[in-house]
Amino acid sequence: MRIILYTGKGGVGKTSVAAATALKASRSGKKVLVMSTDPAHSLSDAFDAKVGPEPKEMASGLYAQEMDPSSMMEEYWAEIQNYVTAVFEWQGTTDVAADELAMLPGMDELFGLLTVRRHRREGLYDALILDAAPTGETLKLLSLPDQMSWYVDKILPIQRRIASIARPLARRTRSLPPLPEDSVFAAGQRFYDALSEVEDILTDRKNASIRLVTNAEKMVIAEARRAYTYLNLYDYGVDAVIVNRLLPETVSDPYFSRWLEAQTEHLQTIEESFSPLPILKARLFDREMYGLEALSALSEDVFGDVDPLEMLYEGEAHSIVKNGDGYEVILNLPFVEKANLDLSKRGAELLVRIGGYKRNVLLPDSMARLSASGAKVEGNQLKVRLHE
Ligand SMILES: Nc1ncnc2c1ncn2[C@@H]1O[C@H](COP(=O)(O)OP(=O)(O)OP(=O)(O)O)[C@@H](O)[C@H]1O
Ligand SMILES: [Mg+2]
């Protein structure tokens with residue numbers, strides 16, 4: 001099953017583009033489900049028709065679903081929540097507040113992602129299009145299995161053992177916090193296993209890709225670039241960038257001339273940051289994009305003759321690997337000539353200029369303090385060394 005996840009800063013057009021992708025694919029005869037994992041569902045708005053918690057046919061071959069996290073809460077979180085609530089209550093937090101606190105932010109979306117497993121197992125659709133929450137939230141979720149694995153493999157078994165020894169003792173005294181029952185550990189493990197499976201599905205580059213949606217605006221691009229770096233780090237495959245809401249060149253009103261100028265510059269930055277990933281573009285339409293007709297127009301703008309389900313790019317524009325006591329940033333370039341290479345680094349930003357060609361990488365925050373100490377060319381790759 002082909003899986004495509006759209007993410008990007010709030011309001012850039014993720015939901016619209018996800019729905020448009022699904023619509024165009026369904027019109028070429030594929031059975032497609034578009035699902036929102038974002039708790040602030042808006043697929044109903046995009047389709048201008050009610051979408052429910054179970055897949056609903058919106059047009060021939062096109063299904064939509066807005067996740068209802070409550071059933072999954074029961075399955076994966078109830079046990080853990082009961083325990084966390086007990087700890088809060090032991091501390092003197094009142095019932096209602098304890099219930100609220102035990103539900104971590106971002107959980108809704110997490111449960112949404114777990115639904116991906118179900119659809120993959122059931123295999124009812126040719127493609128699953130995911131309309132995810134804004135970048136920051138989604139990234140946190142996508143990096144969770146990686147971050148949890150150390151804890152789950154190393155710490156959880158020890159804690160579980162200690163808890164089983166200490167529990168009888170703790171029961172007899174009110175001065176210790178309630179210790180988790182073994183079922184809490186089991187629930188934690190089950191939850192982690194489910195999450196890892198979702199990670200495996202989404203990092204499987206043969207079938208799954210992430211697409212970054214952006215606008216030609218400074219802050220929005222910065223977020224997309226950061227997201228791209230982190231997605232590469234966690235090994236998610238990004239196969240395209242979609243620049244939505246571009247002012248058409250035909251807009252001649254002088255009021256917009258500065259906007260148009262800035263847009264040209266921003267498109268240049270997008271090129272430098274993501275090339276050789278394909279960069280698809282859609283104009284700012286003269287209306288809001290809801291309903292099948294509007295989504296169809298949007299899908300033509302974004303994809304034209306391109307099959308929206310195609311794997312649009314394999315590999316990555318850049319990646320970062322550990323190398324001895326430093327790191328190496330590897331840039332995949334269509335051509336490299338070492339002759340006139342110019343490297344500079346400003347904080348977390350690495351700028352590479354080769355002749356008239358510029359590349360621009362936003363590094364993870366932890367690498368901002370490192371310095372770039374030289375570069376070497378190997379085949380079509382430029383490798384830049386970073387160290388303390
Ligand atoms: N190319 C476009 N031209 C005109 N309007 C657009 C275009 N793309 C999206 N819109 C409109 O912009 C609004 C926001 O779009 P959308 O809901 O798809 O963004 P989003 O990224 O999903 O937002 P959120 O982060 O809130 O989920 C909607 O009203 C939508 O109809
Ligand atoms: Mg949305």
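## Cavities inside the predicted model

About 50 Å³ of space lies in the largest cavity of this structure, which is a predicted model. A search of the whole structure finds 2 cavities of 30 Å³ or more. The lining of the largest cavity is formed by L113, L141, L142, P145, L195, V198, E199, L202 and Y236. Two helices, α6 (135-171) and α7 (182-203), each supply at least two residues of this lining, and α7 gives the largest share, with 4 residues. Divided by class, the lining of the largest cavity holds 8 nonpolar residues, no polar residues and 1 charged residue.

The second largest cavity has a volume of about 30 Å³. Around this second space stand R225, Y228, T229, S273, F274, H318, N360, V361 and L362. Here the elements that each supply at least two lining residues are α8 (218-233), α9 (257-274) and β13 (357-362). The lining of the second largest cavity divides into 4 nonpolar, 4 polar and 1 charged residues, whereas that of the largest cavity has no polar residues.

## The pocket that holds ligand 1

Ligand 1 takes up the space of the second largest pocket, for which the computed volume is about 510 Å³. The elements that give two or more residues to the lining of this pocket are α1, α2 (43-47) and β7, and α1 gives the most, with 3 residues. In total, 25 residues line the second largest pocket, and those that lie nearest its centre are G11, G13, S16, R245 and M289. By class, the lining of the second largest pocket is made up of 10 nonpolar, 7 polar and 8 charged residues.

## The shell around ligand 1

Which residues come nearest to ligand 1? Of the 18 residues around the ligand, these are G11, K14, T15, S16 and R245. Both α1 (14-27) and β7 (238-246) supply at least two residues of the shell, and the element that gives the most is α1, with 3 residues. The shell divides into 6 nonpolar, 6 polar and 6 charged residues.

R245, which is among the residues that come nearest to ligand 1, is also among those that lie nearest the centre of the second largest pocket. G11 and S16 are likewise named among the residues nearest the ligand and among those nearest the centre of the pocket.

Taken alone, ligand 1 exposes 630 Å², of which the protein buries 81%.

Most residues other than glycine have a negative phi, and most peptide bonds are trans. Against that background, the peptide bond that joins S275 and P276 is cis, with omega at about 10°.

D48 lies in the loop between α2 and β3 (56-59), and α2 is one of the elements that give two or more residues to the lining of the second largest pocket.

Note on methods
Residues are numbered from 1 along each chain as its sequence is written. Chains are lettered from A and ligands numbered from 1 in the order in which they are written. This is a predicted model: local features need pLDDT of at least 70, side-chain atom pairs count only at pLDDT 80 or more; totals for chains, interfaces and linings use all residues. Side-chain values use heavy atoms; hydrogens and water are left out. A residue is near a molecule or strand if one of its heavy atoms lies within 4 Å of it. Accessible areas come from the Shrake-Rupley method with a 1.4 Å probe; for residues, only the protein chains shown count as cover. On a 1 Å grid over the protein atoms alone, a cavity is a set of points where a 1.4 Å probe fits but cannot get out, and a pocket is an open set with protein on both sides within 12 Å along at least five of seven lines; lining residues have an atom within 4 Å of a point. A molecule sits in a cavity or pocket if more than half of its atoms lie within 2 Å of its grid points. Ala, Val, Leu, Ile, Met, Phe, Trp, Tyr, Cys and Pro count as nonpolar, Asp, Glu, Lys and Arg as charged, and the others, Gly among them, as polar. Grid points are joined across faces, edges and corners, and a volume is the space filled by probe spheres set on the points.
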